Amino acid sequence: MAEPGVVEPDADRRWRLRHLPVLLGASAALAAVAAVLGAVTGGATAALGAAAGVGVTVFSYTLTTVVLARADQVNPQLLLPLGLGLYVLKFSLLGAVLVAVASTGWGGLVPLCLGIVAGVAVWTAVHIWWLTTVHARRAHS
C-alpha cells in the first residue's frame, strides 16, 4: 500500500500525458505572441523565426513526453536509456539545424533562437504550475 497522497504506479497510467493539452495550449498562445512580436520588431521573417522557434521546442518536448510515457508503460527500466538517447539525438539535431540555418544568413535566426528560449521558459513554467496544482490535487484525492 502506498503512502497517503502517493499514486500507485499502475493506478493511473494516463497521468503521464494529462498535462499535454495545457502545455500545448500555452505553447500555441506563446507562438502567436512570438509571431506578433517578431512581426512588429522585424517583419515577416522575424515573425516566422520566432514562431518556428516555439514550434521546435514544442515538438522536442512533446516527443520526449510521449516516448517516455510509452516506455514507462512498457518497461520502466527503459526510461533512462531512452531519455538519454533522446537528449543526445535532439540536441545533436538542434545543433545541426542551427548551424545549417546560420550558414544561410537567414534573418530569422535570432528570432528563432529567442523563440526556442521562450518556448523552453513557458513550457517549463506551465509544467511546474500543472504539477504543483492540478496534478498535486489529483494525487491527494
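**View 1. Burial across the protein chain.** In this predicted model, buried residues account for 28% of the 141 residues in the protein chain.

View 2. The protein chain has three helices and zero strands. Read from the N terminus, the order of elements is simply α-α-α. Take the contacts in the chain with a separation of 6 or more: 69% of them join residues 24 or more positions apart.

**View 3. How H1 and H2 pack.** Two packed helices are described by the angle between their axes and the distance between the axes. Here we're looking at helix H1, residues 20-74, against helix H2, residues 79-104. Their axes sit 10 Å apart and the packing angle is about 160°. Angles over 145 degrees count as roughly antiparallel, so that's the label H1 and H2 get relative to each other. As for handedness, the crossing of H1 and H2 is right-handed.

**View 4. Zooming in on the H1 and H2 contact.** On the H1 side, the residues that meet H2 are Val 56, Ser 60, Tyr 61, Leu 63, Thr 64, Val 67, Leu 68, Ala 71 and Asp 72. Facing them from H2 are Leu 79, Leu 82, Gly 83, Leu 86, Lys 90 and Leu 94. Sorted by class, this contact between H1 and H2 holds 10 nonpolar, three polar and two charged residues. Asp 72 in H1 and Lys 90 in H2 are among the residues in the contact, and Asp and Lys both count as charged.

Notes: Residues numbered from 1 in each chain as written. Predicted model: local features only at pLDDT ≥ 70, side-chain atom pairs only at ≥ 80, totals over all residues. Heavy atoms only, no water. Axes fitted to C-alpha atoms, helices over the stretch in contact; angles between N-to-C directions. Helix = DSSP H or I, 4+ residues; strand = E, 2+ residues; numbered from the N terminus. Parallel < 35°, antiparallel > 145°, perpendicular 65-115°, else oblique. Left-handed = near helix turned anticlockwise from the far one by under 90°. Contact = heavy atoms within 4.5 Å. Buried < 20%, exposed > 50% of the residue type's maximum accessible area, 1.4 Å probe, protein only.
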